[in-house]
Amino acid sequence: MTTACPVAIGRVVLTVRDLVRVGDFYQRVIGLHRLAGGEAGLSLGVGSRPLLELRRDAAARVRSPREAGLFHTAFLLPGRADLGRWLRQAAAAGVPLSGAADHAVSEALYLADPEGNGIEVYADRPASAWRWREGQVEMINAPLDLEALARAGGDAEWQGMPEGGGIGHVHLQVGALAPAEAFYAGRLGLDVTCRYPGASFFAAGGYHHHLAANTWNSRGALPRDLPSTGLAEVELRCDPAFLAAASPRGTATLADPWGTPILLAPR
């Protein structure tokens with residue numbers, strides 16, 4: 001069901017209090033490379049492509065885990081072998097995982113950065129194996145065989161985020177699903193690809209999801225009290241036709257119903 005995808009996650013921007021500690025984590029554990037930065041911020045990515053921007057604000061209000069905002073930033077690896085190698089290096093380094101799951105469309109590992117921002121590291125199964133029915137893709141939450149996944153890495157060692165890696169999706173916490181669907185599907189024009197208890201998933205071009213919204217920790221959350229630590233912006237890189245439909249004047253920053261900024265920019 002996948003077609004040429006008209007959107008992709010460009011970069012995620014986080015506000016952090018301890019730039020050195022958080023920046024070191026994303027380089028050492030996730031394998032991103034430093035692209036630019038100073039005392040006020042840091043740009044990290046793969047090759048010359050920025051994926052994550054950290055903005056330092058030592059006085060920022062610490063976001064509650066029950067507020068709207070980030071659930072996790074999901075780093076997509078090129079294949080299962082890469083995920084197996086990442087798992088082995090994380091285990092060897094004593095990196096604590098908060099979860100692991102087989103989602104049918106993907107295999108995923110979960111953790112958090114030093115300031116509590118959620119992270120997913122995952123690899124997709126072949127799109128030909130995804131099951132679609134009436135425009136909805138089947139996604140499950142089943143146990144993941146970690147030993148088999150580690151073996152899939154073969155003899156090679158993890159060498160940092162591969163060139164083909166990137167941010168596959170961003171999962172958000174919201175106060176309610178109906179206004180989330182009205183914004184992400186109705187306003188931005190993404191497809192609702194799956195509805196799961198307490199969560200809705202959004203994508204374009206037949207991907208399983210580029211964005212997701214859930215109320216598992218944040219049901220009834222009010223608009224965000226910004227500035228605070230955590231998610232500052234999500235950049236969506238859009239093909240011309242998609243960008244013109246979502247934002248006729250071109251590049252624009254829109255706010256979802258909880259005040260999370262979504263930057264629409266050309267690919």
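I started with helix α4 (residues 177–187), where the buried residues are Ala180, Glu181, Phe183, Tyr184 and Ala185. Buried means under 20% relative accessible area, exposed over 50%, and partly exposed in between (1.4 Å probe, protein chains only). Helices (H or I, at least four residues) and strands (E, at least two) are DSSP runs, numbered from the N terminus.

A note on what I am looking at: this is a predicted model, where local features need pLDDT of at least 70, side-chain atom pairs count only at pLDDT 80 or more, and totals for chains, interfaces and linings use all residues. Residues are numbered from 1 along each chain as its sequence is written, and side-chain values use heavy atoms, with hydrogens and water left out.

Next I asked myself: which strands do the buried residues of α4 pack against? I found β11 (166–173), β12 (191–196), β13 (199–203), β14 (211–214), β16 (252–255) and β17 (261–266). Contact here means heavy atoms within 4.5 Å. Just after α4, I noted glycine 189 with a positive phi of about 90 degrees.

I then picked alanine 203, which sits in strand β13. Is alanine 203 buried or exposed? Its relative accessibility is 1%, so alanine 203 counts as buried. Leaving aside residues up to four places away in sequence, alanine 203 touches Leu190, Asp191, Thr193, His208, His209 and His210. I also checked alanine 203 against valine 95: they are 108 residues apart in sequence and 31 Å apart in space, C-alpha to C-alpha.

Then I turned to the cores. A nonpolar core is a set of buried Ala, Val, Leu, Ile, Met, Phe, Trp, Tyr and Cys residues joined through side-chain atoms within 4.5 Å. The largest one has 64 residues, and Tyr26, Ile30, Leu32 and Trp86 touch the most other members. Helix α1 (residues 19–30) gives this core its largest share, six residues. Apart from it I found another core of 15 residues, including Ala74, Tyr110, Trp130 and Ala212.

Last, I stepped back to the whole chain. I read off five helices and 17 strands. The radius of gyration (taken over C-alpha atoms) is 18 Å, close to the 18 Å from the globule rule (2.2 Å times the number of residues to the power 0.38), so the chain is as compact as a globular protein of its 267 residues. Of those 267 residues, 55% count as buried. Among contacts between residues at least 6 apart in sequence, 69% join residues at least 24 apart.
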